Amino acid sequence: MVYGIIIHSSECHEKYYFSYYYETEKIEQEEEEDDSNRQQTIIKRVLEEIAYYENEKVKTDNTIKNHREKYLDLLDAFLSKNNNDEGKINGEGFFRIVDPSLFKNRINVLWKVLNKICYTLVFYAHENIHLADYFLHTFISSLKDHHDSVKRKKSKSDMELFHPDTVLAVLYFFLPKGQLLLMNENHAKYLNSQVKQFLADKAQLNPKDSKHA
């Protein structure tokens with residue numbers, strides 16, 4: 001089962017856009033504060049991982065560049081200008097938290113960065129990491145697909161990047177009750193169509209809310 005998902009900046013731990021936790025039966029204020037502490041700890045750890053991988057990538061790129069011929073550098077520069085990287089994952093990683101002060105059980109954390117936004121999935125260690133990875137991939141793809149379709153209809157100033165209705169709709173179909181699904185590309189496309197239909201129906205029932213969905 002998935003513990004929760006966090007959407008946050010890949011550069012600043014104080015800036016996050018959305019979070020949702022499946023174990024939400026909170027009774028005491030202290031438990032809510034614990035969740036906040038867990039979230040901040042996870043985000044900071046993810047940012048440390050991102051910084052580490054970016055530094056390693058710079059070192060690797062510099063090493064490769066030093067061994068290239070000049071004409072290959074020019075060719076690479078030309079190709080990079082004509083290559084559309086929008087929608088391509090900029091970085092990803094995985095680590096495990098074994099800390100009884102934070103979680104009673106071992107927790108896995110999987111993250112992916114796209115356009116300086118980090119999508120962080122927190123799930124229990126016994127879950128299948130391949131299912132988790134595919135879910136996070138399809139989750140990002142579905143959000144981007146919906147955002148792009150709305151962007152074509154509305155001005156940028158009228159849009160909210162991660163409207164709760166949209167994110168929750170994607171989670172409802174792709175991650176029902178926090179359970180990772182075994183799916184293929186066709187199933188993912190079907191679920192994405194269900195998300196679009198659900199949001200379209202909701203927009204008809206609540207035309208005022210649809211301005212931000």
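The legends below describe close-up views of one predicted protein chain. Because the model is predicted, local features are given only at pLDDT of at least 70 and side-chain atom pairs only at pLDDT 80 or more, while totals for chains, interfaces and linings use all residues. Residues are numbered from 1 along each chain as its sequence is written, and side-chain values use heavy atoms, with hydrogens and water left out.

**View 1. The chain as a whole, with 5 helices and 5 strands.**
From the N terminus on, the elements follow the order β-β-α-α-β-β-β-α-α-α; helices (H or I, at least four residues) and strands (E, at least two) are DSSP runs, numbered from the N terminus. Of the 213 residues in the chain, 36% are buried, where buried means under 20% relative accessible area, exposed means over 50%, and partly exposed lies in between (1.4 Å probe, protein chains only). The chain exposes about 13800 Å², of which carbon and sulfur atoms supply 50%; accessible areas come from the Shrake-Rupley method with a 1.4 Å probe, and for residues only the protein chains shown count as cover. Among contacts (heavy atoms within 4.5 Å) between residues at least 6 apart in sequence, 61% join residues at least 24 apart.

**View 2. The open sheet of 5 strands, in the order β2-β1-β5-β4-β3.**
The pairing in this sheet is antiparallel, and two strands count as paired if DSSP finds at least two bridges between them. Strands β2 (16–21) and β3 (91–97) stand at the edges, each with a single partner strand, so one side of each has no neighbour in the sheet. From one strand to the next, the twist averages 15°, with axes taken as lines fitted to C-alpha atoms, for helices over the stretch in contact, and angles running from 0 to 180 degrees between N-to-C directions. Strand β1 (residues 2–9) pairs with strand β5 (residues 117–124) in the antiparallel sense over 7 bridges, and S9 stands opposite I117 in β5.

**View 3. Helices α3 and α4 against the strands.**
Helix α3 packs on the sheet and touches β1, β3, β4 (107–114) and β5, its direction making about 35° with that of β4. Helix α4 (residues 164–174), for its part, lies across β1 and β2 and runs at about 40° to β2.

**View 4. Helix α3 and its buried residues.**
The 23 residues of α3 should span 33 Å at 1.5 Å a residue, and the end C-alpha atoms are 33 Å apart, which agrees; the expected span is 1.5 Å times one less than the number of residues. The buried residues of α3 include A132, F135, L136, F139, L143 and H146, and what covers the buried residues of this helix includes β1, β4, β5, α4 and α5. Another buried residue is S142, with a relative accessible area of 4%, which has its place in helix α3 (residues 129–151). Not counting residues up to four places away in sequence, S142 touches V170, F174 and N192.

**View 5. The salt bridge between D133 and K112.**
A salt bridge is a side-chain nitrogen of Lys or Arg within 4 Å of a carboxyl oxygen of Asp or Glu, and by this rule the count comes to 8. The side chains of D133 and K112 meet at 2.8 Å, N to O, and the pair links distant parts of the chain, with D133 in helix α3 and K112 in strand β4, 21 residues apart. D133 is partly exposed at 30% relative accessibility, whereas K112 is buried at 4%. E92, K112 and D133 are linked in a network of salt bridges.

E185 is exposed, with a relative accessible area of 51%, and K189 is exposed at 52% relative accessibility.
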